[in-house]
Amino acid sequence: MLESMTGYGSAERSEKGMKVLVELRSVNNRFAEIGVKLPRQLLSWELEVRELIRSGFQRGKISAFVQLQLEEAEQLPVTVNPSKVRAYKSLLETVRQEAGIEAPVTLDHVLRFSEIFESDHTILEHPDEIWPIAQSALTEAIGHLKEMRQKEGEELAGDFRARIDEIERTLKDIREIAASNLETIRKRLATKISAIAGRDVEYSKDRLEMEIVMAADRLDITEECIRFNSHNKFFIEELNNSSSGSGRKLNFLLQEQLREANTIASKSQNADISQKVVHIKEELEKVREQLQNIE
């Protein structure tokens, strides 16, 4: 099954009052290149994140973004320490009396001491509890990214099959033209010989047949067409291959197809065949462009 290198996958997990959001974006790249952006609580697991992503993909530039969010709670994440409130109020009363100040101690005075408030401990202070949640979300996002890449790969495979079918039909036309091409050459040589014989010039019929055979051998494109058909067959088989990583194999087969097309055009010395080969090369060029996006 073909897999595109372009795709997007995301996932989120909510546990223990915290939400983990993961986004993965993938674009074309010759090799596997992974970029990771993590919150400070997960920096210690950057290597694990990279390896987890790398295990799912062979090629492509993949960017990973992980965010942490505290979920809204019914109670505030801070509490008041009553003993400290009383202690600071008593302290302020003493200062007021010693200073001879008649104004009473107010709430504003007490609130100036931040120590009367205490923060509740949150999961953000315990990275070891965050990582399993983030790992689960990352695994799900990888699955979604892979699914999208495979769907796009299926679309590209359908396009490849249609173009290979068109190339096969064109090759069939070329073989038919090539078969009649030899007979045309035979008649042209015979006409020239007849013109020479009409001027009482001696010639050897055996030599004439030999020249025709040699011409046929130089212009014969049977082997090239057979090899081309073989490459097409292997190309289709690779499209149906269930394993990933077909991009390099398909690129190799494409180069062989182009080589055979060029040889057919140079050997045939026929305008109609050359025109058909141009059409084949146009189809192969479209395949080549799309193959750049295959893993």
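This report describes a helix pair, a strand hairpin and a loop residue in a predicted model.

**Helix 7 and helix 8**

Two packed helices are described by the angle between their axes and the distance between the axes. Helix 7 spans residues 247–268 and helix 8 spans residues 271–291; their axes come within 10 Å and cross at roughly 165 degrees. Because angles over 145 degrees count as roughly antiparallel, helix 7 is roughly antiparallel to helix 8. The crossing of the two helices is left-handed. On the side of helix 7, the residues that make the contact include Leu250, Leu254, Leu258, Ala261 and Ile264. Helix 8 contributes, among others, Ile273, Val277, Ile280, Leu284 and Leu291. By class, the residues of this contact comprise 12 nonpolar, five polar and two charged.

**The hairpin of strand 1 and strand 2**

Strand 1 and strand 2 pair in the antiparallel sense, over nine bridges. Within this pairing, Arg13 stands opposite Val20 of strand 2. Two residues lie between the strands of the hairpin, and Lys16 takes a positive phi near 55 degrees there.

The elements named in these two sections have the following residue ranges.

| Element | Residues |
|---|---|
| Strand 1 | residues 7–15 |
| Strand 2 | residues 18–27 |
| Helix 7 | residues 247–268 |
| Helix 8 | residues 271–291 |

**Val105 in its loop**

Val105 is placed in the loop between helix 2 (82–99) and helix 3 (107–111). Although Val105 and Leu92 are 13 residues apart along the chain, their C-alpha atoms are separated by 6.8 Å. Apart from neighbours within four places in sequence, Val105 is in contact with Leu92, Glu93, Arg96 and Val110.

Notes:
Residues numbered from 1 in each chain as written. Predicted model: local features only at pLDDT ≥ 70, side-chain atom pairs only at ≥ 80, totals over all residues. Heavy atoms only, no water. Axes fitted to C-alpha atoms, helices over the stretch in contact; angles between N-to-C directions. Helix = DSSP H or I, 4+ residues; strand = E, 2+ residues; numbered from the N terminus. Parallel < 35°, antiparallel > 145°, perpendicular 65-115°, else oblique. Left-handed = near helix turned anticlockwise from the far one by under 90°. Contact = heavy atoms within 4.5 Å. Nonpolar A, V, L, I, M, F, W, Y, C, P; charged D, E, K, R; others polar. Pairing = 2+ DSSP bridges.
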